[in-house]
Amino acid sequence: MKEEATAVGGVPPQAGKSDFKKLWNNLLDYIWPQFCLGCEQEGSLLCQTCLDNIQLLPADYQAWPENKNDFVFSHCHVCLDYHQALTQNLIKNFKYQYLKVLQEPLTQIFVKKIKQINLNPDIIITNIPLHNKKRKKRGFDQTEVLAKNLSLKINIPYYSLLTRSKNTKPQAQLERNERLQNLQNAFTLKQIDQNLVKNKTIILIDDVATTGTTLNEAAKALRILASKEIIALVLAKN
Ligand SMILES: [Zn+2]
């Protein structure tokens, strides 16, 4: 009761920014207790045990072995099996329920994957961006949040290289032959200092891949950069 009274009546004059944050978080916990999406234990949306128990797909997993030669990127690394209920729960809650707090465990999954695939150190990170309209509606760009957070965690530069110039329809709602047309010229390269990416491996981040078309169209826009290689990295493949 005492804490609630403080929150309503205002904080003491000496209180700093972190006190405000604590009060806000306490209030959120009070009105919206968090339960682990894996085991339903109260405390957080993904407890440490469930995070530790998440199995990565093997490093040599081939996302689309049959049309490997059709792609501009050289490989797509996939972190998780989308058919696992927890994987879908995490991604859908992050993306569609706006639970931004899930960026932490999802970034940890990317960190684990980067360690597993053992990339050379000359890499930079970028992401598949949302169209501005979608970004405004959602309040954040989910892949940008993950890519930036990953960059901080593993100390690899992040650059925003692409703009989504076409507000495309969700690929999942389209027939196979409409998908390519929907995405053609959907991405444009931003004006950047090309030396930043020269001879580097570009890690292109997305949340869920389906046919690889989105990744490929983005990679086509990146191709004119004198990078060494473009590698896609996604949380899961639907
Ligand atoms: Zn759990």
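## Aromatic pairs

Rings of Phe, Tyr and Trp (its six-membered ring) form a pair if their centres lie within 6.5 Å; planes under 30 degrees apart count as stacked, over 60 as edge-to-face and the rest as tilted. The model is predicted, so local features need pLDDT of at least 70 and side-chain atom pairs count only at pLDDT 80 or more, while totals for chains, interfaces and linings use all residues. Residues are numbered from 1 along each chain as its sequence is written, and side-chain values use heavy atoms, with hydrogens and water left out.

By the ring rule, the count comes to four aromatic pairs. In one of them, the ring centres of Trp-64 and Phe-71 are 5.3 Å apart and the planes stand at 65°, so the pair is edge-to-face. Ring pairs also join Trp-64, Phe-71 and Phe-73 into a cluster. Burial is judged by relative accessible area: buried means under 20%, exposed over 50%, and partly exposed in between (1.4 Å probe, protein chains only). Trp-64 is buried at 8%, and Phe-71 counts as buried at 14%.

## The zinc site

Donors are N, O and S atoms within 2.8 Å of the metal (3.2 Å for Na, K and Ca); water is not among the atoms, so sites may look incomplete. Here the zinc ion is coordinated by the SG atoms of Cys-36, Cys-39, Cys-47 and Cys-50, at 2.3 to 2.4 Å. Along the chain, these donors follow the spacing C-x2-C-x7-C-x2-C. Cys-36 belongs to the loop between helix H2 (17-31) and helix H3 (48-53), whereas Cys-50 belongs to helix H3; the two are 14 residues apart, and the pair links distant parts of the chain. Helices (H or I, at least four residues) and strands (E, at least two) are DSSP runs, numbered from the N terminus.

Four donors count as tetrahedral if all angles lie between 85 and 135 degrees; four count as square planar and six as octahedral if opposite donors are over 155 degrees apart and all others between 65 and 115, and anything else is irregular. The four donor atoms around the zinc ion subtend angles of 105 to 115°, which makes the arrangement tetrahedral. Cys-36 is buried, with a relative accessibility of 3%, and Cys-47 is buried at 7%. Cys-50 is buried as well. A disulfide is a pair of cysteine sulfur atoms within 2.5 Å, and by this rule the count comes to zero.

Helix H4 covers residues 85-95, and its buried residues are Thr-87, Leu-90, Ile-91, Asn-93, Phe-94 and Lys-95. Contact means heavy atoms within 4.5 Å.

## Salt bridges

A salt bridge is a side-chain nitrogen of Lys or Arg within 4 Å of a carboxyl oxygen of Asp or Glu. Across the whole structure, a search finds six salt bridges. One of them joins the side chains of Asp-207 and Lys-95, at 3.3 Å from N to O. Asp-207 lies in strand S5 and Lys-95 in helix H4, so this pair ties together parts that are 112 residues apart in sequence. Both Asp-207 and Lys-95 are buried.

Glu-104 and Lys-153 form another salt bridge, with their closest N and O atoms 3.0 Å apart. Glu-104 lies in helix H5 and Lys-153 in helix H7, so the pair ties together parts that are 49 residues apart in sequence. Glu-104 is partly exposed at 35%, and Lys-153 is partly exposed at 38%. A further salt bridge has Glu-144 and Arg-135 as its partners, the closest N and O atoms being 2.7 Å apart. Salt bridges with shared partners join Arg-135, Glu-144 and Lys-148 into one network. Within it, Glu-144 is buried at 14%, whereas Arg-135 is partly exposed at 31%.

## Two loop residues

Pro-58 is found in the loop between H3 and S1 and counts as partly exposed at 44% relative accessibility. Leaving aside neighbours within four places in sequence, Pro-58 is in contact with Lys-113 and Gln-116.

Tyr-159 occupies the loop between H7 and strand S3 (162-164), and is partly exposed at 22%. Residues up to four places away in sequence not being counted, Tyr-159 touches Ile-124, Ile-125, Thr-126, Leu-196 and Val-197. The C-alpha atoms of Tyr-159 and Ile-124 are separated by 7.3 Å, although the two residues are 35 residues apart along the chain.
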